Amino acid sequence: VEIAPWDQPDRLVALGRVTGALGALETALEIDQWSPAGVEIPTTADSDSAVAATIWSALADPRASTRWRATHAARFLIAFGADDSVQALTDLVLHDAPAGFADPRFPFYRWYAIEGFLMAAERAAVDDPSRVTPLLASIAALSAANPDHVRIQHTCTQIANRCGDAGLTRS
């Protein structure tokens, strides 16, 4: 099968239709049409920070399927001892991602991201609590910062129980 170059009329018509359909979708969703103007290029200090920021952004994605995959990615990092990436992710959970890692046209679902991170830590603690123990201070900070969020409180308590941290379960 030979594929015609993009400058041929059939391809240009198809490209125009796709562009029009995306514009109609953006209008229906009541969001500004995408433009490269104002797009911030992600900047991070290192590859561990870039991995963490990408996962953090995916943990807050509007699509549940993306959040679920990001939760598994975070669990993988914790379970397999990618300590620098886990530390970078933990810093983002407590502070937020650098510019450029999320589409500014969509809301950033911070609580979803926190829940996904905590779920990843809880599942990693099932297999090896020692991998999660270094995160307990950050988990306690998340618990203290979200006292009225039942799911966050419950997951923090589950993590503390799995890691044998009586101090976190009392807070």
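**Exercise 1.** Determine how many helices and strands the protein has.

*Solution.* In this predicted model, the protein has nine helices and zero strands. Read along the sequence, the elements therefore give the pattern α-α-α-α-α-α-α-α-α. Of the 171 residues, 32% are buried. Among contacts between residues at least 6 apart in sequence, 69% join residues at least 24 apart.

**Exercise 2.** Classify the relative orientation of helices α7 and α8.

*Solution.* Two packed helices are described by the angle between their axes and the distance between the axes. The axes of α7 (residues 136-145) and α8 (residues 150-163) come within 9 Å and cross at roughly 155 degrees. Because angles over 145 degrees count as roughly antiparallel, α7 is roughly antiparallel to α8. The crossing of α7 past α8 is left-handed.

**Exercise 3.** Identify the residues that form the contact of α7 with α8, and sort them by class.

*Solution.* On the α7 side, the contact is made by Leu136, Ile139, Leu142 and Ser143. Helix α8 contributes Ile152, Gln153, Cys156, Ile159 and Cys163. By class, this contact has seven nonpolar, two polar and no charged residues.

**Exercise 4.** Decide whether Cys156 and Cys163 are buried or exposed, and state how many disulfides are counted.

*Solution.* The cut-off for a buried residue is under 20% relative accessible area. Cys156 has 1% relative accessibility, so Cys156 counts as buried. Cys163, with a relative accessible area of 17%, is buried too. A disulfide requires a pair of cysteine sulfur atoms within 2.5 Å, and by this rule the count is zero disulfides.

Terms used: Residues are numbered from 1 along each chain as its sequence is written. This is a predicted model: local features need pLDDT of at least 70, side-chain atom pairs count only at pLDDT 80 or more; totals for chains, interfaces and linings use all residues. Side-chain values use heavy atoms; hydrogens and water are left out. Buried means under 20% relative accessible area, exposed over 50%, partly exposed in between (1.4 Å probe, protein chains only). Axes are lines fitted to C-alpha atoms, for helices over the stretch in contact, and angles run from 0 to 180 degrees between N-to-C directions. Helices (H or I, at least four residues) and strands (E, at least two) are DSSP runs, numbered from the N terminus. Angles under 35 degrees count as roughly parallel, over 145 as roughly antiparallel, 65 to 115 as roughly perpendicular and the rest as oblique. A crossing is left-handed if the near helix is turned anticlockwise from the far one by less than a right angle, and right-handed if clockwise. Contact means heavy atoms within 4.5 Å. Ala, Val, Leu, Ile, Met, Phe, Trp, Tyr, Cys and Pro count as nonpolar, Asp, Glu, Lys and Arg as charged, and the others, Gly among them, as polar.
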